[in-house]
Amino acid sequence: SHFHIFCHDPFLILPGLFGDDTASATTRPAVATRGITLSKGRRAVMSKARNSLLFTTLGPQTSWVLWLDADIIETPPTLIQDLARHDKPVIVPNCFQKYVNAETKKTEERAYDFNSWQDSEIAQKLGAEMGRDEILLEGYKDMPTYRSLMAYMGQEGKDEHYEIMLDGVGGTALLVKADVHRDGAMFPPFAFYHLIETEGFAKMAKRLGWQPYGLPNYKVYHYNE
């Protein structure tokens, strides 16, 4: 099979202008209109960058596309083989950070990417009440979605290849069958069913009949800003 690996670093696109949308829900301030607008604008730019890479690079021989954040600093050496063995149209591992606990001085882990989730009725109801161009974002205190976040589903020491079905996916390490993109699934820079970028991509893929999956016990690690 022929692979394309796209390394993507959002901070190289608009450095210093926007925060990181995968930040922990516990670290975000209450939502403000300006914050949502900035976040939407930032992710729209990221979507356009991803789509530009995709539309100019995907060739007829390509079987898989691996979207890999340039800030991913640690993965198993067999990442591509491990994800591809599942033979799923869209699959994503769990993205964590390693950090030094200030009190214990020991290295610990914390969840990083909160964009891989299973939808909830509450989130769907919130979306139904939104304006056409408004988006749902994960992790804002004033926008509780009550989605099931894959970030919290991992079980230490359990099967790394345990699969779950997802409705939203993050893009820190995302493996996609090329046919999913050829079928029209891209990263919407606009509100698509009130979702944008990678989460909008997952929705688009599902609408086209491609089910995304996640591996809650399989970890990759993001740089600790």
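1. Leaving aside its neighbours within four places in sequence, which residues is Asn94 in contact with? Taking contact as heavy atoms within 4.5 Å, the partners of Asn94 are Met150, Ala151, Gly154, Leu215, Pro216, Tyr218, Lys219 and Val220. Asn94 itself lies in strand E4, where strands (E, at least two residues) and helices (H or I, at least four) are DSSP runs numbered from the N terminus. At 1% relative accessibility Asn94 counts as buried, a word that stands for under 20% relative accessible area, with exposed meaning over 50% and partly exposed what falls in between (1.4 Å probe, protein chains only).

2. On the basis of the note: this is a predicted model, in which local features need pLDDT of at least 70 and side-chain atom pairs count only at pLDDT 80 or more, whereas totals for chains, interfaces and linings use all residues. Residues are numbered from 1 along each chain as its sequence is written, and side-chain values use heavy atoms, with hydrogens and water left out.

3. For the chain as a whole, the secondary structure comes to six helices and ten strands. Of the 225 residues in the chain, 51% are buried. Among contacts with a separation of 6 or more, 78% are made by residues 24 or more positions apart.

4. Twelve salt bridges are counted, each being a side-chain nitrogen of Lys or Arg within 4 Å of a carboxyl oxygen of Asp or Glu. One of them joins the side chains of Glu197 and Arg43, at 2.9 Å from N to O. Glu197 lies in helix H6 (residues 197–207) and Arg43 in helix H2 (residues 33–57), so this pair ties together parts that are 154 residues apart in sequence. Both Glu197 and Arg43 are buried.

5. A second salt bridge is formed by the side chains of Glu163 and Lys88, at 3.7 Å from N to O. This pair also links distant parts of the chain, since Glu163 is in the loop between strand E7 (148–149) and strand E8 (164–165), while Lys88 is in the loop between helix H3 (79–84) and strand E4 (90–100), 75 residues apart. Glu163 counts as partly exposed, at 29% relative accessibility, whereas Lys88 is buried, with a relative accessible area of 18%.

6. Lys206 forms a salt bridge with Asp167, and the closest N and O atoms of that pair are 2.6 Å apart. With Lys206 in helix H6 and Asp167 in the loop between E8 and strand E9 (173–177), the pair ties together parts that are 39 residues apart in sequence. Lys206 is partly exposed, with a relative accessible area of 32%. Salt bridges that share partners also join Arg43, Arg50, Glu197 and Glu199 into one network.

7. Helix H6 deserves a point of its own. Eight of its eleven residues are buried, so H6 is largely enclosed by the rest of the structure. The buried residues of H6 are Glu197, Thr198, Glu199, Gly200, Phe201, Ala202, Met204 and Ala205. Just after H6, Gly209 takes a positive phi of about 95°.

8. A cavity here is a set of points, on a 1 Å grid over the protein atoms alone, where a 1.4 Å probe fits but cannot get out, and lining residues have an atom within 4 Å of a point. Grid points are joined across faces, edges and corners, and a volume is the space filled by probe spheres set on the points. The second largest cavity holds about 30 Å³ of space. Its lining is made of Val92, Pro93, Asn94, Cys95, Asp113, Ser116, Met150, Ala151 and Thr172.

9. Strand E7 holds Leu149, which counts as buried at 12% relative accessibility. Apart from neighbours within four places in sequence, Leu149 is in contact with Phe114, Ser116, Trp117 and Glu138. The C-alpha atoms of Leu149 and Asp119, 30 residues apart along the chain, are separated by 8.8 Å.

10. Glu108 has its place in strand E5 (residues 107–111), and is partly exposed, with a relative accessible area of 27%. Beyond its neighbours within four places in sequence, Glu108 is in contact with Gln97, Lys98, Tyr99 and Asn101. The C-alpha atoms of Glu108 and Lys98, ten residues apart along the chain, are separated by 5.6 Å.

Methods:
On a 1 Å grid over the protein atoms alone, a cavity is a set of points where a 1.4 Å probe fits but cannot get out, and a pocket is an open set with protein on both sides within 12 Å along at least five of seven lines; lining residues have an atom within 4 Å of a point.
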